[in-house]
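Here are some quick notes to read alongside the model. Keep the 3D view open as you go.

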Amino acid sequence: MKEELITKAYEIAKERYAEIGVDTEKVIAQMQDFHLSLHCWQTDDVIGFENLTGSLSGGIATTGNYPGRARNIDEVRMDIEKAKSLIPGTHRLNLHEIYGDFKGKSVDRDEVTPEYFLSWIEWAKENNMKLDFNSTSFSHPKSGNLTLANPDDGIRNFWIEHTKRCRAIAEEMGKAQGDPCIMNVWVHDGSKDMTVNKLKYRELLKASLDDIFATKYDNMKDCIESKVFGIGLESYTVGSNDFYTAYAAQTGKMITLDTGHFHPTESVADKVSAMLLYVPELMLHVSRPIRWDSDHVTIMDDPTMDLFNEIVRAGALDRVHYGLDYFDASINRIGAYVIGSRAAQKCMLRALLEPLATLRKYEDEGKGFERLALLEEEKALPWNAVYDEFCLRNNVPVGQDFIAEVEKYENDVTSKRN
Ligand SMILES: C[C@H](O)[C@H](O)[C@@H](O)C(=O)CO
Ligand SMILES: [Mn+2]
């Protein structure tokens, strides 16, 4: 795309926004400081590098069989580097425990240590990325339907040990990068059919979490993620939204809001201002649920726009961490990575460009018509010219130009994988 055209369009956009009291230069600076946590599992359909032969379990599923899946740590890294080169700004990487650098060794989940993540720490440093982390309760012979809430002491203690070790790894990552590593705990624990012992499993999960979180760390932050249901676990989820919200409020933990983990008509955006009154920070897993937690590629849709608007309106930019969580195996995976990341950025950009002072003035004065009119008008303001300028300043492809780059990488690299 012609630079001249982009700059010209931006200059006009700058003036249009200035007219309504919005400083686009300030917004671009804010965007430069807005870091996504890229989910490593988009590269390989949530498989990781363990030597286990079982398939993806824990009530999650990838669908599609598009060629070019990353098959090893080098390919995962190469693909992330490619995706990163097409997304403006600097970003973090969100790792699951199963992506450790095990070098072909069988390392069970209750044996994992920071040593298996040293090469990731090194790689992240070289690539100007900071790391976030996740314990992995799925895709393991001991996963079953219950992990941290399992009444069997042996299985429960196995997963407690795993999660404790993951926290120690996150602490090492945080220390090495001089910035807290955000460590997410999501367990799929639940039941396919009705249970008559809901309280028992929740008591067990609570006791496991208390044990896991007993060690205090300075360089990592814990967050806990709820879910409505998983595939094969439809009737009951131990770690429901109510369970984790209450737990986080009582213990000061962060909440992870996965946009695919709520009832279809529930507004995740509406939770932001409510939760931030009671929990210190939020982690997002931005996704796109289609009828269920299908993890379709994030796009610039109304729920995602609403979510980012609410964060900006709550003045909570620094209290939210911006993870992505989708895995689409039906289209080019690098393309999917880039589309979702850029869509999340566009939502944030539009939220930052909102003429909030004027809208709030109207609201305070009871001017409902004026508020609604401006909310409607802002949708059609030239925000895209500001995003294009942001891309240009970051030396990444502007507009649809990234499509050709993804196609080239497919031709040169991913299509050669079998
Ligand atoms: C890989 C998983 O999707 C992820 O860890 C978890 O956050 C989730 O959302 C499960 O549905
Ligand atoms: Mn998630």
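This is a predicted model: local features need pLDDT of at least 70, side-chain atom pairs count only at pLDDT 80 or more; totals for chains, interfaces and linings use all residues.

1. Residues are numbered from 1 along each chain as its sequence is written, chains are lettered from A and ligands numbered from 1 in the order written, and side-chain values use heavy atoms, without hydrogens and water.

2. Take helix α3 (residues 73-85) and helix α10 (residues 333-352): their axes come within 9 Å and cross at roughly 40 degrees. The contact (heavy atoms within 4.5 Å) joins Asp79, Ile80, Lys82 and Ala83 of α3 to Ile334, Tyr337 and Val338 of α10.

3. α10 also packs on helix α14 (residues 401-412), at about 155 degrees with axes 9 Å apart. That makes α10 roughly antiparallel to α14. Here Ile334, Gly335, Val338, Ile339 and Arg342 of α10 meet Phe402, Val406 and Tyr409 of α14.

4. Now for ligand 1. Which residues come nearest to ligand 1? Of the 14 around it (a heavy atom within 4 Å), they are His96, Glu225, Lys227, Asp258 and Asp325.

5. Look at the side chains there, too. An N or O atom of the His96 side chain sits 2.7 Å from an oxygen atom of ligand 1. For Asp258, a polar side-chain atom is 2.9 Å from a ligand 1 oxygen, and the His261 side chain has an N or O atom 2.9 Å from an oxygen of ligand 1.

Key. Axes are lines fitted to C-alpha atoms, for helices over the stretch in contact, and angles run from 0 to 180 degrees between N-to-C directions. Helices (H or I, at least four residues) and strands (E, at least two) are DSSP runs, numbered from the N terminus. A polar contact is a pair of N or O atoms within 3.5 Å; within protein, one must be able to donate a hydrogen and the other to accept it, and residues adjacent in sequence count only if both atoms are side-chain atoms. Angles under 35 degrees count as roughly parallel, over 145 as roughly antiparallel, 65 to 115 as roughly perpendicular and the rest as oblique.
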